[in-house]
Amino acid sequence: MSILGLTESKLNPTDAIYRRIVPAGEPWTGEIRRGQYFRIVDLHGNQAADTLFYNARNLQDRYSAQDTIRAQANIYLSTGTQLRSSEGNILLTIVADTCGRHDTLGGACATESNQVRYEIRKGYMHACRQSFVKAAIDSGLGMGKRDIASNINFFMNVPVTPEGKLTFEDGLSAPGKYVEMRAEMDVLAMISNCPQLNNPCNAYDPTPVEVLIWEAPPHV
Ligand SMILES: [Zn+2]
């Protein structure tokens with residue numbers, strides 16, 4: 001399969017059945033039913049929306065970065081990417097993308113990685129893994145730390161050099177850019193709207209994102 005690059009959606013935000021602003025640093029959890037469309041909007045630009053996906057009917061079956069990368073033979077996620085699960089299911093397909101690149105290699109920020117990457121005294125600062133653990137516990141679905149597996153960093157630019165080096169670069173995103181997915185099965189989505197204050201890629205300024213859900217439109 002090929003990665004098609006920048007693609008706009010025909011869906012109108014005023015037709016969405018659900019809209020919610022996720023404040024900077026906060027988690028969001030929601031279910032997207034098979035056939036529904038799910039959009040994340042980078043409202044202010046260069047904000048990382050760290051995201052986990054699960055098969056809503058079997059939470060042990062969850063998004064797998066490894067299976068997704070292997071199936072499309074490409075490390076970057078964009079229009080055309082089928083987000084695959086650990087059990088080989090296609091959870092969602094990216095159907096529109098005005099940013100053009102999303103990372104699934106860098107992982108979610110953690111208090112431990114903050115100490116290693118930035119400074120030992122950054123260890124007390126809030127991180128995505130804590131938001132995920134809180135969201136998992138608050139879900140009431142019996143989820144916890146063990147359910148935090150590989151994630152997607154929507155709007156994050158983490159290119160790999162020809163030498164295989166992983167680099168965190170300034171974002172390609174901008175205010176209003178979005179990524180949109182069609183759910184291929186009932187999916188539970190868990191977002192940590194990244195609270196990171198130490199990485200220049202978000203200008204040290206975490207900002208809100210918006211999530212929207214549409215019913216399957218008859219014309220698409
Ligand atoms: Zn983070």
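Which residues line the largest cavity? The largest cavity is lined by Asn46, Gln47, Ala48, Phe155, Met156, Asn157, Glu169, Gly171 and Cys201.

## About the model

This is a predicted model, in which local features need pLDDT of at least 70 and side-chain atom pairs count only at pLDDT 80 or more, while totals for chains, interfaces and linings use all residues. Residues are numbered from 1 along each chain as its sequence is written, and side-chain values use heavy atoms, with hydrogens and water left out.

## The cavity and two of its lining residues

A cavity is a set of points, on a 1 Å grid over the protein atoms alone, where a 1.4 Å probe fits but cannot get out; a pocket is an open set with protein on both sides within 12 Å along at least five of seven lines, and lining residues have an atom within 4 Å of a point. Grid points are joined across faces, edges and corners, and a volume is the space filled by probe spheres set on the points. By this rule there is one cavity of 30 Å³ or more, and the volume of the largest cavity is about 30 Å³. Its lining divides into four nonpolar, four polar and one charged residue, where Ala, Val, Leu, Ile, Met, Phe, Trp, Tyr, Cys and Pro count as nonpolar, Asp, Glu, Lys and Arg as charged, and the others, Gly among them, as polar.

Asn157, one of the lining residues, is found in the loop between strand 8 and strand 9; strands (E, at least two residues) and helices (H or I, at least four) are DSSP runs, numbered from the N terminus. Asn157 counts as buried because its relative accessibility is 7%, and buried means under 20% relative accessible area, exposed over 50%, and partly exposed in between, with a 1.4 Å probe and protein chains only. Leaving aside neighbours within four places in sequence, Asn157 is in contact (heavy atoms within 4.5 Å) with Arg101, Thr167, Phe168, Glu169, Asp170, Gly171 and Leu172. Asn46, also in the lining, is found in the loop between strand 3 and strand 4, and is described as partly exposed because its relative accessible area is 23%.

## The zinc site and the largest pocket

The zinc ion is coordinated by the SG atoms of Cys109, Cys128 and Cys194, at 2.2 to 2.3 Å. Donors are N, O and S atoms within 2.8 Å of the metal (3.2 Å for Na, K and Ca), and water is not among the atoms, so sites may look incomplete. Along the chain, the donors follow the spacing C-x18-C-x65-C. Cys109, in the loop between strand 7 (90-97) and helix 2 (111-117), and Cys194, in the loop between strand 10 (187-193) and strand 11 (209-214), link distant parts of the chain, 85 residues apart. Both Cys109 and Cys194 are buried.

The largest pocket has a volume of about 190 Å³. Of the 18 residues that line this pocket, the closest to its centre are Cys109, Arg117, Met156, Cys194 and Asn199. The lining of the largest pocket has eight nonpolar, eight polar and two charged residues.

## Nonpolar cores

A nonpolar core is a set of buried Ala, Val, Leu, Ile, Met, Phe, Trp, Tyr and Cys residues joined through side-chain atoms within 4.5 Å. The largest has 28 residues, and those with the most contacts inside it are Phe38, Ile40, Phe53, Leu83, Phe154 and Met181. Among the elements that give two or more residues to this core are strand 2 (27-32), strand 3 (37-42), strand 4 (49-55) and strand 9 (177-183). A second, separate core of 20 residues includes Phe132, Ala135, Val158 and Leu188.

Leu52 has its place in strand 4 and counts as buried because its relative accessibility is 2%. Leu52 and Ala189 are 137 residues apart in sequence, yet their C-alpha atoms are 5.9 Å apart in space.

## Helix 1 and the residue after it

In helix 1 (residues 65-72), Ala65, Asp67, Thr68, Ile69 and Gln72 are buried, and the buried residues of this helix pack against strand 6 (82-84). Helix 1 is followed by Ala73, whose phi is positive, near 55°. Most residues other than glycine have a negative phi. Ala73 lies in the loop between helix 1 and strand 6, and counts as exposed because its relative accessibility is 72%.
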